[in-house]
Amino acid sequence: MLPQKSQSFRFLPSYLRRSLYASMVMIVVLLLIAYSIRWIGTAPFLHWDERIQNMIFPEITTTHYRLLPVAIFITSFGSFHISLLVALGVAILCRVYFRSKAYSFAVISSFTAMWGLNTIIKEMLQRERPALQHLVEAGGYSFPSGHAMISMGFYGTLFAIWAIERQIHNRSLFPPCILGVLLILLIGLSRVYLGVHFPTDIAGGYMAGFIWLMFTVPVLYWRACQQPSSPSSTPRL
């Protein structure tokens, strides 16, 4: 087995290199999609956006409006302040519980990258938000959804770390996979329900976050296999 310092040295440059690749691919893919849509025409995409919005966005006179408190609660997990608190808390947990600097770094970097890249891409594309009554305050541009990116890229990293630890200890991946997918989907749906994003904004955010996971999670898994972060004395999740 490689010495601890050697492993740490190899993890950081590999993770940073893959993070850079992920960022570049993410930006290029979203730009290509956006400009391809402009070339093809926005009518077909707006048609499906409107159809999905009609199914999800509540009419004030219907019982669906009663879900507003639930939607606001769910969407709060994708807000900057709540996700920042989660990032700091989980980073500390990873350092203390799993004794892994790699996990802590991945948590903080995924949070930072998702918010930073989302801001850059939005400024480049400048898509306006839906012309609906916004049931919560929302500023800035619409595509891609920041909440969708943070749910897939950041929360996806958290659930991936949980899954990696369970995989190492030969435990079922069912809990992290099911709970992760559920949270990610609910955050995205909440943004459409609240009238602040088109469904295609959510799809773009999911795509960006998934690209991040494809490049970074394999490095975390490699690091965990080289030097498992959870010692045998640590309770298994």
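The following dialogue asks on what grounds each label is given to parts of this predicted model.

Visitor: What are the ground rules for numbering and confidence?

Guide: Residues are numbered from 1 along each chain as its sequence is written, and side-chain values use heavy atoms, with hydrogens and water left out. Because the model is predicted, local features need pLDDT of at least 70 and side-chain atom pairs count only at pLDDT 80 or more, while totals for chains, interfaces and linings use all residues.

Visitor: How many helices and strands are there in the protein?

Guide: There are eight helices and zero strands. Helices are DSSP runs of H or I with at least four residues, strands are runs of E with at least two, and both are numbered from the N terminus.

Visitor: Why is Thr157 called buried?

Guide: Buried means under 20% relative accessible area, exposed means over 50%, and partly exposed lies in between (1.4 Å probe, protein chains only). Thr157 has 1% relative accessibility, so it counts as buried. Thr157 sits in helix 6 (residues 146–168). Leaving out residues up to four places away in sequence, Thr157 touches Ala106, Ser110, Met152, Trp212, Leu213 and Leu220, where contact means heavy atoms within 4.5 Å.

Visitor: Why is Ala22 called buried?

Guide: Ala22 has 0% relative accessibility and therefore counts as buried. Ala22 belongs to helix 1 (residues 4–40). Its contacts, not counting residues up to four places away in sequence, are Ile211, Trp212 and Phe215. Ala22 and Trp212 are 190 residues apart in sequence, but 5.2 Å apart from C-alpha to C-alpha.

Visitor: Why does Pro176 count as buried?

Guide: The relative accessibility of Pro176 is 2%, so Pro176 counts as buried. Pro176 is in helix 7 (residues 174–193). The C-alpha atoms of Pro176 and Ala163 are separated by 5.7 Å.

Visitor: Why is Arg99 called exposed?

Guide: Arg99 has a relative accessible area of 52%, so it is exposed. Arg99 lies in the loop between helix 4 and helix 5, and its phi is near 55°, a positive value in a residue other than glycine.

Visitor: Why is Gln126 called partly exposed?

Guide: Gln126 is called partly exposed because its relative accessible area is 42%. Gln126 is in the loop between helix 5 and helix 6. Gln126 also has a positive phi of about 55°, although it is not a glycine.

Visitor: What makes a set of residues a nonpolar core?

Guide: A nonpolar core is a set of buried Ala, Val, Leu, Ile, Met, Phe, Trp, Tyr and Cys residues joined through side-chain atoms within 4.5 Å. The largest has 47 residues, and those with the most contacts inside it are Met26, Tyr103, Val107, Phe154, Trp212 and Leu220. Helix 5 gives the largest share of this core, eleven residues. A second, separate core has six residues, including Leu68, Val136, Leu194 and Val196.

Visitor: What kink lies in helix 8, and at which residue?

Guide: The kink is about 30° and lies at Thr216, shortly before the proline Pro218. The bend at a residue is the angle between axes fitted to the seven residues ending there and the seven starting there.

Visitor: Which peptide bond is cis?

Guide: The bond from Phe143 to Pro144 is cis, with omega near -10°. Pro144 lies in the loop between helix 5 and helix 6.
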